[in-house]
Amino acid sequence: MKQFLTQDALKSYLQNKGGSIGFVPTMGALHEGHLALIKAAKAQCEQVVCSIFVNPTQFNDPSDFEKYPKTLANDIKLLTETGCDIVYTPEVDDLYPSGMKNLPHYPLGRLEELLEGAHRPGHFQGVCVVVDRLLQAVQPSHLYMGQKDFQQIAIIRKMLEITKSNVNLIECPTVRESSGLAMSSRNSRLSAEQKTQALAIFQGFNSPSAAAFESALVANGFETVDYVACCDPITLENKPWDERPCQILVAAFIGGVRLIDNQFMP
Ligand code: AMP
């Protein structure tokens, strides 16, 4: 696997390669959820590029940014074993050469006001800026993203429309531990007990009401529930709890760690 630290070096290497390019943007601390995206890209594309970059502009909470797990040596080992061709590991200056002020604004509309958008001001603008810049650097034919971040996929689809990109966005299903806990880099910040308590998220999707789901989270040690919502899977607008089909989405804090998850209810 080749590693590049700058987009110039990455671009000049890719210029001489023909064929399809599958791209998997990540923030590192890789797990099986990320590797499933790499495998999906490998099955469809001639070159697979993964980026590892903890993007400062998408963190609305400085302590979440500082505590974000970093395991680069292990990430490189996992990517090599999985058959990834190229890893791009830039520093902040490479993606933000003019600094992090006066960044472009994406008119994301209503999607940005709901759920994560309401609880993490500026988060999706930061996600759009970095993904847009990463796409310029990699110029992939296919972009792979996980349904674990359900709203993020909707936001990126909108951003691709705004920027008139013709990259193929491929959605991959959420990878879970055998217990049902959705894999997440942030899980490494949880104790064994908190990981068991966090199963209340997966178990809660079948709750009889949003209030019952929230109480079960609190009873299992979650300090704060940002939202438990039953939504239209396309628009993400709220729906009555027992209407089907719907997407149930959750965000809640346990041990100071913010976890998100979602499930399609047919
Ligand atoms: P992150 O490193 O958390 O920014 O995630 C990078 C990509 O991996 C995003 O497209 C995520 O949706 C995806 N991802 C993270 N966790 C999972 C998971 N458990 N299953 C599937 N995809 C995931």
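This is a predicted model: local features need pLDDT of at least 70, side-chain atom pairs count only at pLDDT 80 or more; totals for chains, interfaces and linings use all residues.
In soluble globular proteins, nonpolar side chains tend to be buried together. In this model, the largest nonpolar core contains 44 residues, and the members that touch the most others are Leu10, Leu115, Val131, Leu143, Ile156, Met159 and Leu236. Two or more residues of this core come from each of the helices α1 (7–15), α7 (123–138) and α8 (150–162), and likewise from each of the strands β2 (21–26), β4 (86–88), β5 (142–146), β7 (224–231) and β8 (246–254). The greatest contribution is that of α7, which supplies ten residues. Both domain 1 (2–172) and domain 2 (190–258) take part in this core, each with at least three residues.

The surroundings of leucine 236 can be described in more detail. When its neighbours within four places in sequence are left aside, leucine 236 is in contact with Leu111, Leu114, Leu115, Phe150, Gln151, Cys231 and Leu249.

Strand β3, which comprises residues 47–52, is mostly covered, as six of its six residues are buried. Gln47, Val49 and Ser51 point to one side of β3, while Val48, Cys50 and Ile52 point the other way, and all of these residues are buried. Strand β3 runs parallel to β2, to which six bridges join it, and valine 24 has cysteine 50 of β3 as its bridge partner. Together with helix α2 (residues 32–44), β2 and β3 form a right-handed β-α-β unit. Strand β3 also runs parallel to β4, with three bridges between them, and here valine 49 is paired with isoleucine 86 of β4 as its bridge partner.

An unreviewed UniProt entry places the feature "binding site" at Gln58 and Gln152. Although these positions span 95 residues in sequence, no two of their C-alpha atoms are more than 11.6 Å apart, so they gather at one spot. Glutamine 58 lies in the loop between β3 and α3 (62–66), and its relative accessibility of 9% means that it counts as buried. Apart from neighbours within four places in sequence, glutamine 58 is in contact with Met27, Arg120, His123, Gly126, Val127 and Val130. Glutamine 152, by contrast, is located in helix α8, and this residue is buried as well, with a relative accessible area of 16%. With neighbours within four places in sequence again left aside, the contacts of glutamine 152 are Phe124, Val127 and Met145.

Note on methods
Residues are numbered from 1 along each chain as its sequence is written. Side-chain values use heavy atoms; hydrogens and water are left out. A nonpolar core is a set of buried Ala, Val, Leu, Ile, Met, Phe, Trp, Tyr and Cys residues joined through side-chain atoms within 4.5 Å. Buried means under 20% relative accessible area, exposed over 50%, partly exposed in between (1.4 Å probe, protein chains only). Helices (H or I, at least four residues) and strands (E, at least two) are DSSP runs, numbered from the N terminus. Domain bounds come from an automatic or database domain assignment. Contact means heavy atoms within 4.5 Å. Two strands pair if DSSP finds at least two bridges between them. A crossover is right-handed if, with the strands pointing away from the viewer, the path from the first strand over the helix to the second runs clockwise. UniProt positions are given in the numbering used here, feature names are shortened, and annotations may be inferred rather than shown by experiment.
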